[in-house]
Amino acid sequence: MPLNRRKFLKKSAVTGAGVALAGAAAAPAAQAAEKKKPGKHAKRYSLTVMGTTDLHGHVFNWDYFKDAEYADAAGNAMGLARVSTLVNQIRQEKGRRNTLLLDAGDTIQGTPLTYYFAKVDPITAKGGPVHPMAQAMNAIGYDAAALGNHEFNYGIETLRKFEDQCRFPLLGANALDAKTLKPAFPPYFIKKFQVPGAPPVKVAVLGLTNPGIAIWDKAYVQGKLTFPGLEEQAAKWVPKLRSMGADVVVVSAHSGSSGTSSYGDQLPYVENSAALVAQQVPGIDAILVGHAHVEIPELKVTNKATGKTVVLSEPLCYAERLSVFDFNLVFEKGRWSVESVAASLRDAKTVADDPKITRLLKDEHALVVEYVNQVVGTATATLTTVDARYKDAPIIDLITKVQEDVVKAALAGTAYASLPVIAQASPFSRTSQIPAGNVTIRDLSGLYVYDNTLVAKLLTGAQVRAYLEYSAEYFVQTAADAAVDTEKLTNAGGRPDYNYDYVSGFSYDIDIAQAAGSRIKNLTYNGAALDDAQQFVLAVNNYRANGGGAFPHVASATEVWSESTEIRTRIAEWVTAKGVLDPADFASVDWKLTRNGTPVF
């Protein structure tokens, strides 16, 4: 039966109810064919659950930052148009009535396409458009999706509008109303699969999101929503789903499987806890894993309490892969039970786009292509991030300069106006380039790919020193006489590029021959040794300000200003106002890598 979204939302706001949908059509008899077992006949049924995650606004195999078909070294292809073809193939193979299609979150942020329909032509406007991700996922026929942390990047109003436009529920059993502590979104979804000559198979999907939302999107959710741990909420809901008669329990979790957290001890909950959920909570058959942007065809985890195997799978992000869980069930002693589960991946590069999806969203795609190709200025020289991880690159100085200027202007006339403003920025991409000549929104968006906003925090000189030491842990310790391979010089301990920061306004060396924690040398401000007691205003992105990356001091530091305009937009405004992008206006060599005092480069 169709879900009446308005009635459901009204009901769930009061009761925190889940979603129950019944698949009315019967499965083909072949799927429930009787097979001989010793001494008796047993009904059997095969079910296939498909899953995507971390779509991040990718409908087409298109790179808006490069204005070209997407291409990477591995030959991958991406986009929901490709996934639609894979889904159609599997539905053809298995019988559509025997399949379920899920997503594990991070849907409405990540490309100029999603930015455009959140900010330029917002879905929240009166008579506004239907979000292209809602259009595509509705057309493909998703059954349910878990909330990702990036669903909250544009605020709750945009998320609720997107939810209203989807013909499937957005699940979040651990996204609770801060006042009532009841689920603010449907916790679960139940669907019945009809089997001739036997009771229906009842499949429950529990949706779990990431506790880090409380940190990363604090400005939007504080006092409104709270996000307890996945293990705790799964332990609460899985027994309820079993008591409601669920024969199969699948979890869609926007949480990786590594058991690690990027926010240190700021939250008592684990960021990447999907494997912990499988291990600790009895009654789960399979978990669709998200958030970590890694590819896991099949991971088997043993539940501590029952000894049963739980099968996990994470498809690669951006709709590059589709996870496929194949369940075999048997009907014995009056009930269905799961006999086996196997997971595998299908690859988007093996198929062509589904023309239905291409036709559906060609106009929206064309609008965004036109938008990102607007010229906003000219550059006197080519700027690139190619070696920005290990050399002070002017293109990163552009980001810090813009952030400094915005914060200085915002603090003018306040009690903080006399304090020096410094800024952080990370080398997000290894391939961004602003070419000499015309500069477009596309060029600038490619430099700053995240929808981060700007925050101003108070730090002392001593805290800045600790911040820089922590940042310098990004480099692999390299002896003074060892050969330097730039491909192996960075990402120590698996730290991603976006968790390495430049900090403007200082001069310093990073001695990579030294152990982590003792690398910052010759740290000066205005030509003099840094005064540990001096106060600074740090212009910092909201991810870092709220604890992302677990940099020391910044999350607990006093906040003196913040805004909701994206840093990317501020960069475009700055370049537009200048007209000419000249490195002489922002570039300076402030830091370098050394080994025992000798420069590496």
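Reader: How many helices and strands does the secondary structure of the protein chain come to?

Author: The secondary structure of the protein chain comes to 15 helices and 33 strands, where helices (H or I, at least four residues) and strands (E, at least two) are DSSP runs numbered from the N terminus. This is a predicted model, in which local features need pLDDT of at least 70 and side-chain atom pairs count only at pLDDT 80 or more, while totals for chains, interfaces and linings use all residues. Residues are numbered from 1 along each chain as its sequence is written, and side-chain values use heavy atoms, with hydrogens and water left out.

Reader: Why are helix 4 and helix 10 called roughly antiparallel?

Author: Axes are lines fitted to C-alpha atoms, for helices over the stretch in contact, and angles run from 0 to 180 degrees between N-to-C directions. Angles under 35 degrees count as roughly parallel, over 145 as roughly antiparallel, 65 to 115 as roughly perpendicular and the rest as oblique. Helix 4 (residues 132–140) and helix 10 (residues 355–372) pack at about 165 degrees with their axes 10 Å apart, and they are therefore roughly antiparallel. Their contact (heavy atoms within 4.5 Å) is made by Pro132, Gln135, Ala136, Ala139 and Ile140 of helix 4 and by Lys356, Ile357, Leu360, Leu361 and Glu364 of helix 10.

Reader: Why is helix 3 called roughly perpendicular to helix 10?

Author: The axes of helix 3 (residues 112–120) and helix 10 come within 10 Å and cross at roughly 90 degrees, and the two helices are therefore roughly perpendicular to each other. On the side of helix 10, the contact is made by Glu364, Leu367, Val368, Tyr371 and Val372.

Reader: How do you know that strand 26 and strand 27 pair?

Author: Two strands pair if DSSP finds at least two bridges between them, and four bridges join strand 26 (residues 506–511) to strand 27 (residues 520–525), which run antiparallel. The bridge partner of phenylalanine 506 in strand 27 is tyrosine 525. Strand 27 is also joined by two bridges to strand 28 (residues 528–529), again antiparallel.
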